[in-house]
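Student: Could we go through this structure together? I would like to begin with the overall layout and then turn to individual residues.

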Amino acid sequence: MNKWKKWPVCLGMAMLCTVLPGCSGEEKDEGLPAEYSFSDEEKLPALGMAEEKEGTVCTVETNSETETENYVYTGLASGGEAAKEYVNQMMEEHDCAVVDEQGTKQQEPTFTEESGSVILGKNSQDETGMLQLKVEWSKDSCTVTPALVEGITVQDGAQNNLTVDEAVSQLESMTPQQLGLTGDSMAAYQVYAQEGYDMVDDISCFCINVYTLDGVGSHQIVGTYLVRVDGMGIYRLNRQTNQVEPLQ
């Protein structure tokens, strides 16, 4: 038996006005998710503030085993932009924070990748749990999964998080063999960090490229690495598969 049940909700332009700021005079459609419910007393606004295409569809998928609901928005103008605006709204107006699965505060991702994910957290009213919103985006869609996580609260991140310069220095202090490169010394390579952060398993990482010179002054990328901001791990990115693997 399929454990997922789906209810598609078509959002015409009139319906979008019930959730987008600046619209008025439209009656709220009962099928349009205006908020996510964590309990009878605790709710948070639903995604819907970003500019959307006419014909956007929200499908609610319910897992009968875990009783969690996924709100899948398709047909968006930009999944990344919708996720970014929703995350900013929840942080600025509803006291949410970007966190990892354990509730530790993380850096906000850049949302520039075509696909990605981020977790928002807010302490429950009784401070015994966390209201969690997992937001996943792709080119033209977003999925929001709300959950009340008992026994976990939002915590400040470690005070000894790496700076970007420290992350670069960490790679430069390793051997080429440790990084899966050739040669005897990292002196033959140049290491540069990209702006912003990338997420690996909902953990903020610096994205750092390693270059070598081809003999005529041109830089060529020979390795891309994701260094955890908390200093607890380094991953190598396979650019062909877009998959990461931890360095041993």
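Student: How many helices and strands are there in the protein?

Tutor: The protein has 3 helices and 15 strands, where helices (H or I, at least four residues) and strands (E, at least two) are DSSP runs numbered from the N terminus. This is a predicted model, in which local features need pLDDT of at least 70 and side-chain atom pairs count only at pLDDT 80 or more, while totals for chains, interfaces and linings use all residues. Residues are numbered from 1 along each chain as its sequence is written, and side-chain values use heavy atoms, with hydrogens and water left out.

Student: What share of the residues is buried?

Tutor: Of the 248 residues in the protein, 41% are buried. Buried means under 20% relative accessible area, exposed over 50%, and partly exposed in between (1.4 Å probe, protein chains only).

Student: Where is Phe-206, and is it buried or exposed?

Tutor: Phe-206 is in strand 12 (residues 203-213). Phe-206 is buried, with a relative accessible area of 6%.

Student: Which residues does Phe-206 touch?

Tutor: Leaving out residues up to four places away in sequence, the residues that Phe-206 touches include Leu-162, Val-164, Tyr-197, Tyr-225 and Leu-226. Contact means heavy atoms within 4.5 Å. Phe-206 and Leu-226 are 20 residues apart in sequence, with their C-alpha atoms 5.4 Å apart in space.

Student: What about Ser-124: where does it lie, and what is it in contact with?

Tutor: Ser-124 lies in the loop between strand 7 and strand 8 and is buried, at 4% relative accessible area. Beyond its neighbours within four places in sequence, Ser-124 is in contact with Glu-42, Gly-129, Met-130, Leu-131 and Leu-148.

Student: On to the backbone: what is the phi of Asp-95, and what is that of Phe-111?

Tutor: Asp-95 has a positive phi of about 60° although it is not a glycine, and Phe-111, also not a glycine, has a positive phi of about 65°. Most residues other than glycine have a negative phi.

Student: Where are these two residues?

Tutor: Asp-95 is in the loop between helix 2 (79-93) and strand 6 (97-99), and Asp-95 is exposed at 62% relative accessibility. Phe-111 is in the loop between strand 6 and strand 7 (116-123), but Phe-111 is buried at 8%.

Student: Last topic: what is the volume of the largest pocket?

Tutor: About 660 Å³. Among the 26 residues that line the largest pocket, Glu-113, Ser-115, Gly-116, Met-199 and Asn-242 are the closest to its centre. On a 1 Å grid over the protein atoms alone, a pocket is an open set of points where a 1.4 Å probe fits, with protein on both sides within 12 Å along at least five of seven lines, and lining residues have an atom within 4 Å of a point. Grid points are joined across faces, edges and corners, and the volume is the space filled by probe spheres set on the points.
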